[in-house]
Amino acid sequence: MKKLVITDVDNTLFDWQRLWYECFSAMSEKAIEISGIDADQFYAECSSLHQLHGTSEYSFVLTELPSFQKMYGRGVREAMEPAIAEFRKARASNLKLYGGVSDTLDTLKKRGVTIAAFTESKAYYTNSRFRKLGLDGKIDFLYSPKDHELPTDKKSEYSELESTQHLFTPEGEFKPNPHILLSIVEQLGFKVCETIYIGDNLLKDVYMAQQAEVLDVYAQYGAAQHRAVEYDLLKKVTHWTPEMVEREKQALRPGAVSPTFVAKKSFEEIIDVMERENG
């Protein structure tokens with residue numbers, strides 16, 4: 001019997017790549033317009049900051065951009081306020097769950113299934129999105145990396161989730177690491193044979209689950225790497241190393257990784273997988 005569902009978050013529960021692209025593009029265009037900075041220099045400095053902090057969504061990138069600090073000094077945030085406003089406007093328009101996710105989580109819980117989320121996104125960003133998306137309480141446990149150092153004025157904005165228990169993955173360890181997945185299963189008191197894992201990335205999710213011998217479901221509906229314009233911008237400013245980008249590229253080759261089950265249209269299809277497995 002399958003009693004535990006572990007789900008990826010970004011591009012599995014909501015369209016993270018579209019959210020990131022729309023927010024970052026809106027912010028960047030306005031910041032470049034305001035400052036007159038060369039676009040290539042802007043993206044290069046963003047990439048350096050993202051790599052320094054280990055995330056491609058570092059919220060304080062504009063205020064810490066070296067060129068902007070030289071231009072505006074302590075007034076950089078005030079100068080960049082219109083760009084920050086564009087980011088927030090885009091976020092409000094694009095931060096939403098995929099259709100069927102909320103109802104499916106409710107159905108799983110009504111059936112007595114324990115639900116855990118496992119993401120590589122840092123705690124600050126994941127925590128905020130859980131609250132805004134209404135996932136606090138719908139998911140029992142959230143596993144994410146701890147945060148990079150937050151600016152002093154932002155530390156007070158961070159608050160614990162009310163119902164979901166937020167736990168942390170080992171520092172410096174990332175997907176695809178089957179040992180982390182196995183430790184989550186064990187920590188929650190389940191067996192591998194009682195667990196289903198769903199995620200959108202063939203390498204980081206499907207391959208990892210298979211290495212851990214956990215039943216895998218490929219969230220094909222969320223495989224956002226196929227949207228070239230968005231993915232190309234992400235690669236331009238990503239915190240990923242060139243080796244990580246190449247490894248993911250190889251994993252996307254046809255037949256490189258073969259999922260056990262494929263959710264083609266929605267997260268809801270995990271119910272069909274569970275019913276099939278549980279007879």
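Contact here means heavy atoms within 4.5 Å. This is a predicted model: local features need pLDDT of at least 70, side-chain atom pairs count only at pLDDT 80 or more, and totals for chains, interfaces and linings use all residues. Residues are numbered from 1 along each chain as its sequence is written, and side-chain values use heavy atoms, with hydrogens and water left out. Helices (H or I, at least four residues) and strands (E, at least two) are DSSP runs, numbered from the N terminus.

**Helix pair**

- T104, T107 and L108 of helix 7 meet I270, I271 and M274 of helix 14.
- By class, this contact has four nonpolar residues, two polar and no charged ones. Ala, Val, Leu, Ile, Met, Phe, Trp, Tyr, Cys and Pro count as nonpolar; Asp, Glu, Lys and Arg as charged; the others, Gly among them, as polar.
- The axes of helix 7 (residues 101–110) and helix 14 (residues 269–278) come within 9 Å and cross at roughly 25°.
- Helix 7 and helix 14 are therefore roughly parallel (angles under 35 degrees).

**Backbone exceptions**

- Most residues other than glycine have a negative phi, and most peptide bonds are trans.
- K175 and P176 are joined by a cis peptide bond, with omega about 0°. P176 sits in the loop between strand 4 (165–168) and helix 10 (178–187).
- N11 has a positive phi, near 65°. Its loop runs between strand 1 (4–7) and helix 1 (16–35). N11 is buried, at 8% relative accessible area (buried is under 20%).
- E213 also has a positive phi, near 65°. Its loop runs between helix 11 (202–211) and strand 6 (215–219). E213 is exposed, at 67% relative accessibility (exposed is over 50%).

Key:
Axes fitted to C-alpha atoms, helices over the stretch in contact; angles between N-to-C directions. Parallel < 35°, antiparallel > 145°, perpendicular 65-115°, else oblique. Buried < 20%, exposed > 50% of the residue type's maximum accessible area, 1.4 Å probe, protein only.
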